[in-house]
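Me: I would like to learn how to read this structure, one feature at a time. Please give me the general idea first and then the case at hand.

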Amino acid sequence: MINHKLIYKVLGSLLLLEAVFLSWCVIMAFCYRERDFWPFLITMITTGGAGLILKHYGRQSVNSMNRRDAYLLVTLTWVVFSIFGAMPYLLSGILGSPTDAFFETMSGFTTTGASVINDVESSALPHAILFWRSLSQWVGGLGIVFFTIAILPSMVGGSVKVFSAEATGPMRAKMHPRLSTSAKWIWTVYLVLTIGCALSYLLAGMDWFSSINYAMTTTATGGFSIHNDSIAHFHSPMIEYIGIVFQLLSGINFTVLYMTLFKGRIKQLLHNSELKFYLLMVLIATVWIAILLIVRSGYDVEHALRGSLFQTVSLMTTTGIFSEDVGAWPHLTWMILMALMFTGACAGSTSGGFKSVRVLMMLRTIKNELLRILHPRAVLPVKINRQSVPTAQINNLLAFFALYIITCAAIVALMASIGLDASNSAIISLSCVSNVGLPLDVIGPDFTWSALPLTVKWICSLLMLMGRLEIFSVLVLFTRAFWKDN
């Protein structure tokens with residue numbers, strides 16, 4: 001049975017936390033004396049009031065959360081956060097449609113980076129709105145509820161179950177018996193990366209506002225930008241190299257980063273199977289694309305290597321920012337980049353996608369099956385990080401892969417029936433479920449997210465949520481067994 005009062009209580013507490021985030025935007029709007037002061041203030045008060053009301057209704061709840069409560073809470077949190085987070089766009093008149101406002105906010109919190117605001121510069125977006133877009137991605141980078149577990153563990157009862165419902169990847173290493181302590185360590189790594197990225201951007205020539213915004217979206221592997229042409233706006237190889245470094249780091253499992261940076265366990269880094277596969281994929285794709293750019297597009301060696309490495313890392317970490325006009329690159333480069341979009345970086349990072357560890361597990365499973373044909377009685381375990389993967393995880397992997405493909409195929413068919421052509425439908429579907437958020441104008445002229453039909457935008461919003469929560473956590477809510485009392 002669903003513990004409704006506990007859901008109200010925890011959701012109310014989380015809305016109060018969102019009100020705190022909104023208060024930062026209120027302060028920024030006040031300092032810049034811009035028109036979005038009142039929209040953010042009204043949103044902050046409304047969000048905080050809703051949080052207090054929900055806490056009141058849940059004040060007598062029993063602090064015991066089962067798995068069904070956790071899955072419902074996590075999905076509701078992302079939806080409710082996006083509903084209240086959309087209010088500043090509507091109240092300020094920047095986005096006139098509730099559909100567009102919800103789409104933009106969901107894209108932010110899920111770190112997808114797809115935007116219905118086609119021109120952030122000539123639209124003269126206020127500083128607080130730009131900051132809110134970046135902040136939403138930064139908060140959603142490691143997970144809204146996971147952020148809460150780190151700073152206010154008492155807020156989220158049954159935090160281990162909640163973490164399981166929100167975490168990404170099939171294998172989750174424990175750093176500490178208490179999840180709240182592990183969450184603090186991981187968020188410490190995240191904060192250090194963000195500060196280091198911001199300072200690096202600042203020293204490379206960005207102003208402080210740009211450096212903070214780009215640092216948040218880079219380390220969150222989100223992709224929202226405060227300029228129309230993203231990182232390419234600065235025409236700075238140094239800034240591009242900084243972006244490469246911090247996107248690459250943000251695509252690594254944060255537990256591995258913590259053990260390496262703070263505990264000095266270099267062996268764990270060197271023996272990590274997923275990390276080696278991730279870096280190998282980046283290397284192969286970078287060299288391949290660089291050769292294509294040199295041979296077919298006449299790039300010099302340094303420019304080809306820098307451009308190919310930037311876009312390889314950007315697409316594989318599902319950040320989706322661009323350093324140049326990738327739409328003019330040879331078509332084969334896009335086939336490579338699309339494969340990277342699907343693969344994704346490491347589990348336990350801020351990136352989306354299928355995740356490198358799953359691809360690695362599938363490749364090793366296929367290899368074992370080929371060997372089993374020759375040696376039927378051989379015992380051939382699938383090993384990751386020198387440890388055998390349990391059969392249950394292999395079954396989960398195959399089920400997730402099948403569901404991932406079926407979901408994409410079903411959405412492509414649905415979009416095609418609405419009126420989009422099949423190729424664009426496939427790119428949009430993969431972009432949303434992998435949380436990449438490609439700017440659609442790189443596919444074709446005047447083809448943007450804002451131009452999509454309203455129905456497609458709602459489908460994309462759901463797909464972004466499913467991609468961020470890895471599909472099962474959302475779809476389980478639509479089963480009869482979930483709502484049937486035991």
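Me: Is Phe-209 buried or exposed?

Reply: Buried means under 20% relative accessible area, exposed means over 50%, and partly exposed lies in between (1.4 Å probe, protein chains only). Phe-209 has a relative accessible area of 7%, so it is buried. The model is predicted: local features need pLDDT of at least 70, side-chain atom pairs count only at pLDDT 80 or more, and totals for chains, interfaces and linings use all residues. Residues are numbered from 1 along each chain as its sequence is written, and side-chain values use heavy atoms, with hydrogens and water left out.

Me: How many aromatic pairs does a search of the whole structure find?

Reply: A pair of aromatic rings is described by the distance of the centres and the angle of the planes. Rings of Phe, Tyr and Trp (its six-membered ring) pair if their centres lie within 6.5 Å; planes under 30 degrees apart count as stacked, over 60 as edge-to-face and the rest as tilted. The search of the whole structure gives 26 aromatic pairs. One of them is stacked because the ring centres of Trp-138 and Tyr-190 are 5.2 Å apart and the planes are at 10°.

Me: Where in the chain are Trp-138 and Tyr-190?

Reply: Helices are DSSP runs of H or I with at least four residues, numbered from the N terminus. Trp-138 is in helix H6 and Tyr-190 in helix H9 (residues 179-203), so that the pair links distant parts of the chain, 52 residues apart. Trp-138 counts as buried at 10% relative accessibility, and Tyr-190 is buried at 0%.

Me: Which kind of aromatic pair do Trp-208 and Phe-209 form?

Reply: Trp-208 and Phe-209 are edge-to-face, with 5.9 Å centre to centre and 85° between the planes. Elsewhere, one aromatic cluster is formed by Phe-342, Phe-354, Phe-400, Phe-401, Tyr-404 and Phe-472.

Me: How many salt bridges does the count come to?

Reply: A salt bridge is a side-chain nitrogen of Lys or Arg within 4 Å of a carboxyl oxygen of Asp or Glu. The count by this rule is seven. In one of them, Asp-100 and Lys-457 meet through their side chains at 2.6 Å, N to O. Asp-100 belongs to helix H5 (residues 98-109) and Lys-457 to helix H20, so the bridge ties together parts that are 357 residues apart in sequence. Both Asp-100 and Lys-457 are buried.

Me: What does Glu-470 meet in a salt bridge?

Reply: The side chain of Glu-470 meets that of Lys-355 at 3.5 Å, N to O. Glu-470 lies in the loop between H20 and helix H21 (472-475), and Lys-355 in the loop between helix H16 (331-343) and helix H17 (356-374), so parts 115 residues apart in sequence are tied together. Glu-470 and Lys-355 are buried. Glu-470, which follows H20, has a positive phi, near 60°.

Me: How many residues of H20 are buried?

Reply: Of the 15 residues of H20, 11 are buried, so the helix is largely enclosed by the rest of the structure. Among them are Val-456, Lys-457, Ile-459 and Cys-460. For length, the expected span of a helix is 1.5 Å times one less than its number of residues. H20 (residues 454-468) should span 21 Å, and its end C-alpha atoms are 21 Å apart, which agrees.

Me: How far apart are Glu-369 and Arg-372 in helix H17?

Reply: An α-helix has 3.6 residues a turn, so residues three or four places apart point the same way. Glu-369 and Arg-372 are three residues apart in helix H17, which means about one helical turn. They form a salt bridge, with the closest N and O atoms 3.3 Å apart. Glu-369 is partly exposed at 42%, and Arg-372 is partly exposed at 28%. In another place, salt bridges that share partners join Glu-240, Glu-302 and Arg-306 into one network.

Me: What covers the buried residues of H2?

Reply: Cover is read from contact, meaning heavy atoms within 4.5 Å. For H2 the cover includes helix H1 (4-32), helix H3 (67-85), helix H4 (87-91) and helix H6 (127-141). The buried residues of H2 include Pro-39, Phe-40, Gly-48 and Leu-54. H2 (residues 37-57) has 21 residues and reaches 31 Å from its first C-alpha to its last, close to the 30 Å expected.

Technical notes:
Helix = DSSP H or I, 4+ residues; strand = E, 2+ residues; numbered from the N terminus.
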